[in-house]
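Hi,

Here is the structure I promised to pass on. Have a look at it first, and then read my notes below.

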Amino acid sequence: MSAPGADTEPIRVMLAKIGLDGHDRGVRVVARALRDAGMEVIYSGLHRSPEQVVESAVQEDVDVLGVSLLSGAHLPIFSRIFEVVAQLPEPPRFAIVAGGVMPDEDCEALRRMGVAEVLGQDTTPEVIVATVRGLAREASARL
Amino acid sequence: MSDGSGRDGGGGEPAARLSSEALVAAVVAELAEWEGDELAAFLARAPESHDEYRTGSGLPIERVYTPADLPADWHDIGLPGRYPYTRGPYPTMYRGRGWTMRQIAGFGQAEETNQRFRYLIAQGQTGLSVDFDMPTLMGLDSDDPMSLGEVGREGVAIDTLPDMEALFDGIDLEHISVSMTINPSAWVLLAMYVTVAADRGLDLNKLSGTLQNDILKEYVAQKEWIFPVRPSMRIVRDTIVYCSQHMARYNPVNISGYHISEAGANALQEIAFTMAITQAYVADVTATGIDVDSFAPRLSFFFVSQADLFEEVAKFRAVRRYYAKMMREHFGATDPQSMRLRFHAQTAAATLTKPQPLNNIVRTTLQALSAVLGGAQSLHTNGLDEAYTIPSEQAMKVALRTQQILADETGIPSVIDPLGGSYYVENLTSRLEQGIADYLATIEDMGGVVAAIEQGYFQREISDTAYDFARRKASGDRPVIGVNKYVDAEPDQRVETHKLDPESETRQRARLEQVRADRDPQRADAALRDLITAAHDPDTNLMPATIEAVRAHLSMGEITGALRDVFGSYTETAVF
C-alpha cells in the first residue's frame, strides 16, 4: 500500500462487453455486486471493440478491467486486447479479469496471455468482490 | 347436495361451477380444523424446513391445496382444442401427433451445418432449427472487423444466397419444417430461404417452419439489434404481411419468452413481458387495417421450460388462457385459430452447471418433462456440455434421446393435460394469469411496450430478478447441486466438447469475396437502389426488394448497411 488513507479511495472497476455477444446478465449482476461492495463501476455497454475498451480503461484510470464474454470468441478477443495493451506508451496498472463461459483448457491459455483471473459463471458475488479487491490492492501498489 | 366430488353444481348454482359452495365451505372448515389439530401438533414436534415456501417466480405457496382453490368456472379449465385452450391448442394433442423434436444446430460454414442436419434427421429428429453465428444474427458480413473470432463460432455463417443454398442442400424443404433463430436480420434470411425454395420450383405455400423475428424481446433481453425500435417494428410487420399472403403454413414470428428468462426474468415476468410484446405486434399490424384473423393464426411462441416443475406447467397453461382471452376480447378475433397459442419450448441453458456436467442430463430431463406436461408443440433439449461451449454431437444425441424416452417409454403423451384439475396447478395457473394482467396494466400506464423499452423498464425488472437470484444462489438459499451444495472436492469429469475448425473463418471470408467478384455488378447496384427506395416508403413492403437483393448476390452486411443509412442504428442506455 503506497500511502496512508489509500484504503479509503474507492476501487475503480471497468466492466466491458466486447464483440457482438449480447449476453449481459452476468456482467450486470457483477456490476451490482461490486457497486454494493462500495466500488465505483463503469460499464461499457454492449458491442465494444478491444481498442475502445482498453482506451477507456486507461482514461478512467481503473484498478481492474473485467471483460465478460459468452460468445466463445474469448481467445481471439483477449489476444487482441493484449496486442492493444502492448502498444500503449506505458504498461497500464489495471489488472485484466475474464468472466463468462469458457472451457478449462482455454482458461489456462488466457492466464498465459496475461489474464489475472478467470471467473466462470458459477463464481459467487463474494468471491468476485474479494478477487477484485485483491487485484485492486496490487494495482494501487503499482501507482 | 354435494357428493364431495366437486362436480355437483348443487343448490341452484350454474352447472359449470367447479366446486359447490357447500363443498368449499366444508373443505375450508375441515382445513381449519386440521390446521388446529393434526398439523399444529405435528409442527410442535417437527417444524418444517422453511418459514415460507415460494415458487421459482416468488409466488407464496401453501402446504396443501384443496377444491377451494380451483377456479370458480369449469370453462376456465375446459377441454383441449376449445376456448380458452387452457389444456392445449388441439383436441388430440400428442395422441394425434407427437411434439416436434427440434434440436437447434449450426456452426462453421453452411456445409458443416448441413452435415449435422443430415445426422440429426438420420437420428429421428423431425424438424430442423438453424442457429446462426453472431455476425449473421447482427446483420454483419464475415469480413466485418466486428466479426473477429465469431464467424461460424456459435452458429452457422450466412453471408450470401450461395451459403443458404449449401445449408439446405439435399434437404426436402416441403417435408422438413425449418425454424430459423434470427431476429434483427431475420427478413434477409427469410428472403434467402424463399429464394432457395423458389429456385427449386417448390410451392411457397407448402413450406412450413418458423422465423423467430421477434425484435422487441431483443431490446428487452437478448440484445441483438441493428436499427432503432420503430423501423424494426416495420420490418417485422412487413414479414408478417408477406407471409400471410405467400406462405400459408409458415410462422413469420416466434414471440419469445425464452431469452427474457435466460436474461434473468422469472416465470411470471417471462410470460407477462411476452404477452405485452405480442399485444404490441398485433396492434401494430391491425393498425394498418389488416384483419386480425388474416395473420394471427400463424403467430407462434417460444418459452423456456425452467426448473420449478409445477410452476412451469401452470405457466404454459396460464399463457394459453391469457392469450385466448386477449385475442378474442381485446382484438376481436373470431377465428378460433387466432386464439390458440402454440409454442416451442427449450430447456433452460442458464440452469446448466460446469461442475458435475452429467447432472445436466437430469436437469434437462425434468425441464423437458414440464414442457411435455404443459403441452409444448415442439421441444429442444439442451446438451449436457452447454456450460462449456456449443454442444458436441454426442451431447446432442443424449439430448434427443431424452425426448424420445419421454415420448416412447413413459406413457405421458397418452393423456392430455394430465395435471389439469390438480388443485395446486389450477390455482397457480389462475394466479399466473392474473399476474400477466397486472404487469400489462403497469406497462400500459407507462405508455406501452415501446415506451417501456425506451425507459429501460423491462431491462431493470429483469436485472433486479437476476441479481436477487444470484444472491440467493450465493447464500445457498437457492441450492444448485454441485455448485453450492454437494460440491465435489476432486476436479470435474471431463466432457468431450465441440471444436471449431480454425480454418472455417478464413474459408468463409474467401467465399464471400468470391461471390462478390462473380456477381453481375449492374444487377447488384440496381437491387440496392430499389431496396433503399423501398425502405424510404413505410407503405412499401420490404420483402420483394430484399428478395431481389439476395438474388443479385448482395451480402447480408451490404443489405443491412444500406438500410442503416435510412433507418439509423440503435444504441442502448445500459442499466444495472
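Let me start with the domains of chain B. In this predicted model, the centres of domain 1 and domain 2 of chain B are 36 Å apart, going by C-alpha atoms. Domain 1 of chain B covers 21–74 and domain 2 covers 78–475. Where the two meet, domain 1 of chain B puts in 12 residues and domain 2 of chain B puts in 15. The domain 1 side of that contact is made up of six nonpolar, five polar and one charged residues.

Next, the place where the chains meet. Here 30 residues of chain B touch 27 residues of chain A. On the chain B side, two elements give two or more residues each: α3 (134–137) and α15 (457–475) of chain B. The largest share is that of α15(B), with six residues. Sorted by class, this side of chain B has 15 nonpolar, seven polar and eight charged residues.

On to chain A, which has an open sheet of five strands in the order β2-β1-β3-β4-β5, with parallel pairing. From one strand to the next, the twist averages 20 degrees. Within the sheet, β3 (64–69) and β4 (95–100) of chain A are joined in parallel by six bridges, and V67(A) has A98(A) in β4(A) as its bridge partner. Across β3 and β4 of chain A lies helix α3 (74–86) of chain A, at about 165 degrees to β4(A).

There is also the largest nonpolar core, with 187 residues, in which V13(A) and V64(A) touch the most other members. Helix α9 (267–286) of chain B supplies the largest share of this core, 12 residues. If you set aside neighbours within four places in sequence, the contacts of V13(A) include L34(A), M39(A), V41(A), V62(A), V64(A) and V132(A).

Which way do its residues point? V253(B) and I255(B) face one way, N254(B) and S256(B) face the other way, and all are buried.

Cheers

Terms used
Residues numbered from 1 in each chain as written. Chains lettered and ligands numbered in written order. Predicted model: local features only at pLDDT ≥ 70, side-chain atom pairs only at ≥ 80, totals over all residues. Domains from an automatic or database assignment. Contact = placed C-beta atoms within 7 Å. Nonpolar A, V, L, I, M, F, W, Y, C, P; charged D, E, K, R; others polar. Helix = DSSP H or I, 4+ residues; strand = E, 2+ residues; numbered from the N terminus. Core = buried A, V, L, I, M, F, W, Y, C linked by C-beta atoms within 7 Å. Buried ≥ 20, exposed ≤ 12 C-beta atoms within 10 Å, placed from the backbone. Pairing = 2+ DSSP bridges. Axes fitted to C-alpha atoms, helices over the stretch in contact; angles between N-to-C directions.
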